[in-house]
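Take the points in any order, and keep the viewer open as you read.

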Amino acid sequence: MTINAQAKDGQIVMSRRRFMVGAAGFTFGVTVGLPAVLKLASGEALAATSKDVVVNAWVTLSTDGTIAIMSPAVEMGQGSLTSLPLILAEELDADWARVRIVPSPASDAIYGNPLFGGLQYTAGSAAVTGYYKNLRMFGAQVRYVLLENAARHWGVPFGELATIPSVVLHEKSGRRLTYGEIAAFAQIPSKAPEITPDMLKKTSEFRLIGKDVMRVELPTKVNGTAQYSIDVQLPGMIYGAILRPPVEGAAIEKLDDSAARAIEGVIEVVRLPYGVGVLAETPWTAFKAKNALKVTWARNARGWGHSNEKGFRTFTVAAHDLSRKGVAWEQKGDALGAMGKAKTVIEGEYRSDYAYHAQMEPLNSVASVSAAGDSVEIWCGTQSQTMAVTAAAKALGIKPERVTFHGMLLGGGFGRRGHRDEEFVVDSVLLSKAVRKPVKLLWTREDDVRNGRFRPLYVNYMRAGLDDAGHIVAWHHRVACDTVLAFQDPVRYSTSKGKDNIAMRGTELPTYNIPDRLSEAVQVDTGMRTSSLRAIGVGPNKFAIESFLDEVAVKRGIDPVAFRLELLKNSPRGRHVVEEVAKMADWGRKREGRGLGFAYIDYSGTQLAAVAEVSVERATGQIRVHNFWTTIDPGIAVQPDNVIAQTEGSIVTGLGLALTEHITIEDGAVKESNFYDYQVPRMSDMPEIHIKLIPTDNHPTGAGQMATPLVAPAIANAVFQLTGARVRQTPMLPGQVKLALLEEETKAA
Amino acid sequence: MSQTITTTLTINGKRHSVTADPDTPLLWVLREQLKLTGTRYGCGVGQCGACTVHIDGKPNYACLNPIKDLEGRSVTTIEGLSPDSSHPLQKAWLAESVPQCGYCQSGQIMRAAGLLKDNPNPSRQEIVEYMSPNICRCGTYIRIARAIERAAKEA
């Protein structure tokens with residue numbers, strides 16, 4: 001394990017086995033199933049380990065006072081590696097300086113996220129919100145066991161004891177025992193103590209939650225020692241590269257590998273079920289050999305012939321064809337009935353293009369298949385430890401127990417590394433299988449783009465019915481886009497009743513006071529490789545919703561902020577973030593040559609609002625964002641500065657998706673290949689970003705990607721305020737903005 | 001197909017002789033032959049800056065410099081910036097909690113080190129212009145700029 005880190009210096013490497021097994025020949029039980037109330041280690045455990053006491057599957061105490069806490073989530077920059085153990089440490093009343101964070105092994109049963117039905121999957125800004133309740137309980141259980149042991153040791157009533165960080169106190173006698181001292185004699189009950197909510201700390205008693213601590217792995221990220229899978233070095237390791245078809249599922253019709261094989265240093269060319277792999281002595285040789293492969297791909301795959309234009313065309317037809325019933329995502333009241341009775345009906349259409357993750361570490365993985373081919377070790381950066389293990393096992397036809405998993409830091413995830421097939425992990429496993437040597441499989445940036453799995457292309461068709469007073473009485477949102485969940489995760493899709501969570505999220509409107517509303521999906525399997533991308537469907541869907549509400553506000557002649565406040569009359573938290581951001585931006589003040597645009601969203605319960613200040617260069621259609629104000633109420637902010645950092649980052653992602661980022665599909669294949677033709681935001685593109693974190697005592701609801709969907713609608717609405725032109729597609733490329741400006745001028749003339 | 005060559009160069013103050021295909025970018029020699037993995041691969045075409053090192057004291061792209069051009073030259077990588085993370089930029093990076101995924105940060109720090117060497121007190125505008133070749137996909141730009149300002153002040 002290479003990302004184990006000590007809270008203090010982030011340098012200490014520990015073997016996971018030490019905690020999980022203790023000593024050879026001895027095992028301890030943990031129950032499986034959710035909610036994961038744990039069966040604690042038996043008393044025998046004590047005798048077997050002289051130094052460490054495994055209190056439960058999450059906590060191991062050492063007699064030296066070290067407290068090892070498992071972190072079930074992977075670390076991709078979002079901070080969960082630190083913030084999850086910190087939640088447990090809070091209820092354990094642990095001295096944070098003595099905490100060591102240990103990335104947990106792959107196990108859905110023990111370490112799965114309740115929010116994903118017990119899947120060990122780090123995604124959706126769901127780590128803190130999903131694990132929060134259980135981690136507090138696990139921490140409280142361990143603290144309870146320590147108190148019980150101290151009570152027995154001293155022969156005093158349990159109720160007379162208290163804790164301060166890592167110490168049990170008996171105030172009456174002035175005695176104290178450190179957690180490490182208790183570990184030396186602790187008896188661990190076979191059943192976890194029952195913890196009732198009143199036994200947990202009050203928010204006001206928190207010492208760790210809500211106070212910033214340094215993320216444990218941070219020191220390794222300023223001196224080059226942080227370990228990503230691309231950094232793994234193994235004795236005898238060789239290098240692999242893969243050529244995949246331009247369109248998913250296209251078979252090899254003809255392969256000429258003679259030029260590749262002739263390159264010095266090429267070890268093997270391997271035909272795979274889905275492409276061609278090369279193995280070489282160095283990465284450079286592997287890339288050269290991959291580029292020298294000549295393959296004719298069969299035209300047998302669905303995606304051939306697809307293009308962005310075709311997508312927009314077909315999806316527009318599907319979105320507007322009301323005779324085509326969609327799969328309902330949110331249905332409240334009788335939207336269509338209410339629409340029929342409305343005084344006026346307003347329509348709008350908004351589009352979003354394919355977009356690419358562009359995580360900075362191109363996908364890669366290291367695998368070492370045993371000589372007998374019956375076991376494998378893998379080193380990878382994945383968003384799901386268990387998916388990686390399962391995929392590797394399946395690729396070899398072995399049991400998951402025969403897969404040794406080494407979780408590495410992720411050089412960015414953004415949803416790209418959470419596909420059920422974990423294709424880049426399987427690449428390494430199959431190549432290692434072919435030669436029975438350790439293989440570092442590397443995708444070039446060009447591979448990463450061309451084999452990319454993209455945020456789908458969207459056409460959103462919106463209708464709002466207004467009553468006499470101009471209030472929205474009916475809401476109908478139709479989403480036409482490529483299918484995503486079925487491609488990304490057929491297992492989850494099979495139990496979703498046809499609902500595509502990744503595509504449809506964000507069309508639910510729990511805080512807006514619109515009684516009759518319907519959102520529905522009319523999706524098309526275009527054969528494109530699709531994926532969850534930071535903020536998933538919430539991005540395109542909120543672009544549509546918040547742009548549309550801006551249009552409705554204009555038609556009604558009401559200020560967009562006042563309009564949202566009216567719609568949020570039943571959501572005090574929603575109103576609060578809106579009012580605060582309006583104040584920050586000085587919303588009512590006109591700026592010469594600049595427009596202000598507003599957006600509000602509820603993202604999984606997190607409340608956010610934003611104001612963008614933009615200018616537009618009329619000659620070119622170039623938008624420039626000067627200021628971006630955001631308020632965020634994520635409930636309890638476990639790590640406040642990290643919430644702000646994530647909000648900064650998700651705004652930057654939102655800027656790219658709003659203004660420049662798009663993937664071009666021609667005849668089913670990706671046209672872009674690297675950062676020169678896929679433009680992501682750079683420092684020179686940054687506006688002044690102003691963030692106000694408004695924590696409340698509510699259950700924490702996530703922060704990792706919540707601000708991303710605010711950006712596009714806030715910008716589009718600002719462009720409208722400035723120019724009167726409505727930009728209906730992201731990214732808002734200069735050419736399209738110019739067209740919208742011309743259209744507006746024509747209308748005005 | 002090409003014959004390998006042996007190149008002698010100085011890396012982090014130590015002389016190394018490496019044998020490789022002459023076209024092999026310095027990046028892969030550093031990472032896979034010398035195991036200096038702090039210098040990272042991001043694009044291979046000088047577009048992202050993740051592989052930024054100093055060659056003869058100036059920030060440069062390890063991915064664009066073939067080993068055959070580096071005979072007798074001097075390379076500094078993130079591992080050679082300081083022995084103990086004590087460079088003012090490294091301290092400032094932690095003080096501002098800059099890294100998220102961290103993958104690009106070696107390159108960011110090496111580029112920033114080049115900036116401060118030339119210009120110990122850069123303005124915000126000079127920082128933005130100088131740092132814009134380097135991509136951070138997590139979006140830590142604001143903190144990078146702040147950390148450079150802090151390092152300049154505290155150095």
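1. The model you are viewing is a predicted one, and in it the peptide bond that joins A:T730 to A:P731 is cis, with omega near -5°. Most peptide bonds are trans.

2. Two other backbone details deserve a stop. A:D586 is not a glycine, yet its phi is positive, at about 55°. You will find A:D586 in the loop between α19 (572-585) and β23 (595-603) of chain A. A:D586 counts as partly exposed because it has 13 C-beta neighbours inside 10 Å. In chain B, B:S85 also is a residue other than glycine with a positive phi, near 60°. The loop between α2 and α3 of chain B holds B:S85. Is B:S85 buried or exposed? With 20 other C-beta atoms within 10 Å, B:S85 is buried; the cut-off for that class is 20 or more.

3. Now step back to the overall layout of chain A. The chain is divided into domain 1 (5-221), domain 2 (229-301 + 363-442) and domain 3 (308-355 + 454-748). Between the C-alpha centres of domain 1 and domain 3 of chain A there are 40 Å. Their contact draws 15 residues from domain 1 of chain A and 20 residues from domain 3 of chain A. On the domain 1 side, α3 (80-92) and α5 (127-154) of chain A each give at least two residues. That side of domain 1 of chain A, sorted by class, has seven nonpolar, seven polar and one charged residues.

4. Helix α11 (residues 385-396) and helix α12 (residues 423-435) of chain A have axes that come within 9 Å and cross at roughly 35°. The crossing of α11(A) and α12(A) is right-handed. Which residues meet there? From α11(A) come A:A388, A:A391, A:A392, A:A395 and A:L396, and from α12(A) come A:V425, A:V426, A:V429, A:L430 and A:K433. The contact of α11(A) with α12(A) has nine nonpolar, no polar and one charged residues.

5. Eight of its ten residues are buried, so α8(A) is largely enclosed by the rest of the structure. The buried ones are A:P283, A:W284, A:T285, A:A286, A:F287, A:K288, A:A289 and A:K290.

6. Chain B has its own division, into domain 1 (5-77) and domain 2 (88-154). The C-alpha centres of these two domains of chain B are 22 Å apart. Their contact takes 13 residues from domain 1 of chain B and ten residues from domain 2 of chain B. On the domain 1 side, β3 and β4 of chain B each supply at least two residues, and β3(B) has the largest share, with three residues. That side of domain 1 of chain B divides into five nonpolar, six polar and two charged residues.

7. Finish with α4(B). Its 14 residues reach 20 Å from the first C-alpha to the last, close to the 20 Å expected at 1.5 Å a residue. Why can α4(B) be called largely enclosed by the rest of the structure? Because ten of the 14 residues of α4(B) are buried, including B:Q105, B:I109, B:M110 and B:L115. The cover over the buried residues of α4(B) includes β3 (52-55), β4 (58-61), α2, α3, α5 and α6 of chain B.

Technical notes. Residues are numbered from 1 along each chain as its sequence is written. Chains are lettered from A and ligands numbered from 1 in the order in which they are written. This is a predicted model: local features need pLDDT of at least 70, side-chain atom pairs count only at pLDDT 80 or more; totals for chains, interfaces and linings use all residues. Helices (H or I, at least four residues) and strands (E, at least two) are DSSP runs, numbered from the N terminus. The expected span of a helix is 1.5 Å times one less than its number of residues. A residue is buried if 20 or more other C-beta atoms lie within 10 Å of its own, exposed if 12 or fewer, and partly exposed in between; C-beta atoms are placed from the backbone. Two residues are in contact if their C-beta atoms, placed from the backbone, lie within 7 Å. Domain bounds come from an automatic or database domain assignment. Ala, Val, Leu, Ile, Met, Phe, Trp, Tyr, Cys and Pro count as nonpolar, Asp, Glu, Lys and Arg as charged, and the others, Gly among them, as polar. Axes are lines fitted to C-alpha atoms, for helices over the stretch in contact, and angles run from 0 to 180 degrees between N-to-C directions. A crossing is left-handed if the near helix is turned anticlockwise from the far one by less than a right angle, and right-handed if clockwise.
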